[in-house]
Amino acid sequence: MKKIIYIAGLGHSGSTVLDMSLGSHRSMTGLGEICVSINNRNPEKLYKNSTCSCGEKAESCVFWKRVKDISFSYKSTKEKYIKLIEVFNETFGNEVILVDSSKNSYLYLKYLNENFDLRLVYISRDFRSWSYARHVRTGKPLFYLFLRWFLENKKILYVLKKNKINFFKVGYEEFAMFPEFILRHISEYVDVKY
């Protein structure tokens, strides 16, 4: 059964750097936010401005060129995801673990849990630093951001519990201070050698 690592959490909580860290392991490939890649309203712009880790522009990359076609060719997110996994296996091999950092895209999370060997990593950033960073960037009131942080994280945990999805919790601050320690524990959780 195909193993997939799904990174859940709020935006601006460290999911991108965690995805890149896991993707640097020889038996994992980080694809970023797959939900954005396959459901983008303007895929031409997305793929034209993005560069793959292979060094090619996404529209020229062997893998991402095919993913772009998937975003046009299939109707449902589920169909697109199934086709993406097929292309992923053809490109990287069935043994390579796919890392998806779509964060809080619940449309296909239940499906992934039921049909794949899903290993979910839930990353959370301290509400004070998350709220202050969002306040500086957006100008929104801190109290609103505190409340949003609380409600969004509660929603994520509710969805995981409702769908009986096991997860490994990571604190962003702990990951930033002790990356090797945290990555060793994640490797254990996903059954790969660090």
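Trainee: Is Cys-35 buried or exposed?

Mentor: Ground rules: this is a predicted model, where local features need pLDDT of at least 70 and side-chain atom pairs count only at pLDDT 80 or more, while totals for chains, interfaces and linings use all residues. Residues are numbered from 1 along each chain as its sequence is written, and side-chain values use heavy atoms, leaving out hydrogens and water. Buried means under 20% relative accessible area, exposed over 50%, partly exposed in between (1.4 Å probe, protein chains only). Cys-35 has a relative accessibility of 12%, so it counts as buried.

Trainee: How many disulfides does the structure hold?

Mentor: A disulfide is a covalent bond between the sulfur atoms of two cysteines. The test here is a pair of cysteine sulfur atoms within 2.5 Å, and the number in the structure is zero.

Trainee: Then how far from Cys-61 is the nearest cysteine sulfur?

Mentor: Start with Cys-35: it's in no disulfide, with the sulfur of Cys-52 the nearest at 19 Å. Cys-61 is buried too, at 6% relative accessible area. It's in no disulfide either, and its nearest cysteine sulfur is again that of Cys-52, at 3.7 Å.

Trainee: Which residues of helix 10 are buried?

Mentor: Helices (H or I, at least four residues) and strands (E, at least two) are DSSP runs numbered from the N terminus, and helix 10 covers residues 179-189. Down its axis, the buried residues fall within an arc of 155° (taken from the directions from the helix axis to the C-beta atoms), so they line one face. Turned away from that side are the exposed Phe-181 and Glu-188. The buried ones are Ile-182, Leu-183, Ile-186, Ser-187 and Tyr-189.

Trainee: Which residues does Thr-77 contact, leaving aside neighbours within four places in sequence?

Mentor: Thr-77 lies in helix 5, and at 14% relative accessibility it counts as buried. Contact means heavy atoms within 4.5 Å. With those neighbours left aside, the partners are Ile-38, Asn-39, Leu-107 and Tyr-108.

Trainee: Last one: which residue follows helix 10 with a positive phi?

Mentor: Its phi is near 60°. The residue is Asp-191.
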